[in-house]
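Colleague: I am new to this structure, and I would like to go through it slowly with you. Could you take my questions one at a time and show how each answer is reached?

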Amino acid sequence: MKIFEWARNKMFWLVDGVKGGKKQNHYNDIKFINENPTAPEAIDLKRERLQNVLNHAVKSTANYKEYKNFESIEDFPVVNKNIIRDNFEQFQSKEYINLPKFTVSTSGSTGTPFKVHQNIDKRLRNMADTIYFSEKAGFIIGNRLTYFRMWNAFEKKGFITRMLQNIVPVDVFEMKEKNLIDSIIKDVSKSKSTNSWLGYASAYEEICKHLDRKQSAPISSNLKSVIAMSERLNDYTKKSIFKYFNTEAVSRYSNVENGIIAQQPLGNKKHFEINEASYFVEILEVNSNKRVKDGSSGRIVITDLYNYSVPMIRYDTGDIGVKDSIENSAVFKEVNGRKIDQIFNTKGEMIPINLVLLVNNYPELKQCQLIQKAKGVYHFKLNSGQNFGREDEFLNEFKVYLGEDAQITIEYVDEIPLLASGKRRVMVNEMINP
């Protein structure tokens, strides 16, 4: 580890120690439970924390008080984004409502943005989860982190924060601009720092295809870890990252409202190791709340063991997965997100990102679906639940990506239906020959 990276790492843990070592304690707990899943102490801790959050919910929230005589978690209802946002006050804990909290907004990748509060201990838990799972992928605090994201849809980190965290933000939409991908490749090859990448799988695919077109030789670099999030990491990208950078890419399954739910281990494994230290995970049938057998496909439903500000019990993530066990550890054999078709701008160029992320900037919308009807012709289905007074702003923002000459219509609907698979299509291409 280089001297400045070493210093950042030591300073991070030193500051935590001065504040009581809370992140270190969470980290140790996460590591112990996830790496010793059958140990009696780990089993007891998981059972105790589930019981504690259920007891807290029935005691301190209006939404769950009627379940005070519950016998198991299966007595609780399954909830989703719309249920929580439409009844947000009922989900807030009266014991935490006046205590310090953090507000996080979802990624909007579902077409259903909403905000949720997190208590301080939940925030610390998420930080420790991130440290633990990042280390498993090869990242150490202090490493230089290039973060590929659609930054316009999220709160941007300030210059001082980026410097302290050693983060280099890259807006994935701007990667198509002249020489930007070459600049990224040159940067990682010339950098003397230990480098890591975090971001959308589609960004890595763009980089690899660019290198293919150039018939590039392998890149000599200090790239030590690559973590893909938000999108499926396909075999081509995984193999190409290794081919060009001699680094294994792993996929992370997470969401903004909760945190890291699972992540692929190193070693070219396809399964995802579930973060049982912080979440209780169920797989339910698509059309009912009955649990499926291990090895069968169903809805991924989680209970957050640490959010006491807004307890999220049996929260339907909107994703489909297959849960099983490998060497006594709980894993996802498969994780399938929302159905997203490829969308093209008015010039006929493929847009490599999920544009519906921009809905993050419009929390008054409940759901959004983008449909491409023809070249340069687009249709939005919006579920606003109220009068949407920012229609012009909404259209102008999407035209930045679709094209200023885009023909866009809007239809207001009460609900955007699910597919038979249980997934919701957030971007649809209806062109005959896209």
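Colleague: Is Asn-246 buried or exposed?

Modeller: Please keep in mind throughout that this is a predicted model. Asn-246 sits in the loop between H10 and strand E7 (249–255), and its phi is positive, about 55 degrees, although it is not a glycine. Exposed means over 50% relative accessible area, and Asn-246, with a relative accessible area of 59%, is therefore exposed.

Colleague: Where is Gln-215 placed?

Modeller: Most residues other than glycine have a negative phi. Gln-215 is not a glycine and yet has a positive phi of about 50 degrees. With a relative accessible area of 73%, Gln-215 is exposed, and its place is in the loop between H9 and E6.

Colleague: Which residues of helix H8 are buried, and where on the helix do they lie?

Modeller: Helix H8 covers residues 180–190, and its buried residues are Ile-181, Ile-184, Ile-185 and Val-188. Looking down the axis of H8, these buried residues fall within an arc of 95 degrees, so they line one face of the helix. On the other side of H8, the exposed residues are Lys-186 and Lys-190.

Colleague: What do the buried residues of H8 pack against?

Modeller: Their partners include both strands and helices. The strands are E3 (144–149), E4 (167–171), E5 (195–200) and E6 (223–229), while the helices are H9 (201–213) and H10 (235–245).

Colleague: How are H8 and H9 arranged relative to each other?

Modeller: The axes of H8 and H9 are 10 Å apart, and the two helices pack at an angle of about 90 degrees. Angles of 65 to 115 degrees count as roughly perpendicular, and H8 and H9 are therefore roughly perpendicular to each other.

Colleague: How many nonpolar, polar and charged residues make up the contact of H8 with H9?

Modeller: From H8, the contact uses Ile-181, Asp-182, Ile-184 and Ile-185, and from H9 it uses Glu-206, Ile-207, His-210 and Leu-211. Sorted by class, the contact has 5 nonpolar, 1 polar and 2 charged residues.

Colleague: Which residues is Phe-394 in contact with, beyond its neighbours within four places in sequence?

Modeller: Phe-394 is among the residues that touch the most other members of the largest nonpolar core. With those sequence neighbours left aside, its contacts are Tyr-362, Leu-365, Cys-368, Phe-380, Leu-382, Phe-388 and Ile-410.

Colleague: How many residues does the second, separate core have?

Modeller: This core includes Phe-70, Phe-76, Phe-272 and Phe-332, and its number of residues is 36.

Colleague: Which residues does Leu-54 touch, not counting residues up to four places away in sequence?

Modeller: Leu-54 is found in helix H3, and at 2% relative accessibility it counts as buried, because the cut-off is under 20%. Leaving out residues up to four places away, Leu-54 touches Phe-70, Ile-73, Phe-76 and Ile-313.

Colleague: What separates the C-alpha atoms of Leu-50 and Tyr-279?

Modeller: Leu-50 is found in helix H3 (residues 40–60) and counts as buried at 14% relative accessibility. Beyond residues up to four places away in sequence, Leu-50 touches Ile-73, Phe-280, Thr-303 and Leu-305. Leu-50 and Tyr-279 are 229 residues apart along the chain, and the separation of their C-alpha atoms is 8.5 Å.

Definitions and conventions: Residues numbered from 1 in each chain as written. Predicted model: local features only at pLDDT ≥ 70, side-chain atom pairs only at ≥ 80, totals over all residues. Heavy atoms only, no water. Buried < 20%, exposed > 50% of the residue type's maximum accessible area, 1.4 Å probe, protein only. Helix = DSSP H or I, 4+ residues; strand = E, 2+ residues; numbered from the N terminus. Arc of directions from axis to C-beta. Contact = heavy atoms within 4.5 Å. Axes fitted to C-alpha atoms, helices over the stretch in contact; angles between N-to-C directions. Parallel < 35°, antiparallel > 145°, perpendicular 65-115°, else oblique. Nonpolar A, V, L, I, M, F, W, Y, C, P; charged D, E, K, R; others polar. Core = buried A, V, L, I, M, F, W, Y, C linked by side-chain atoms within 4.5 Å.
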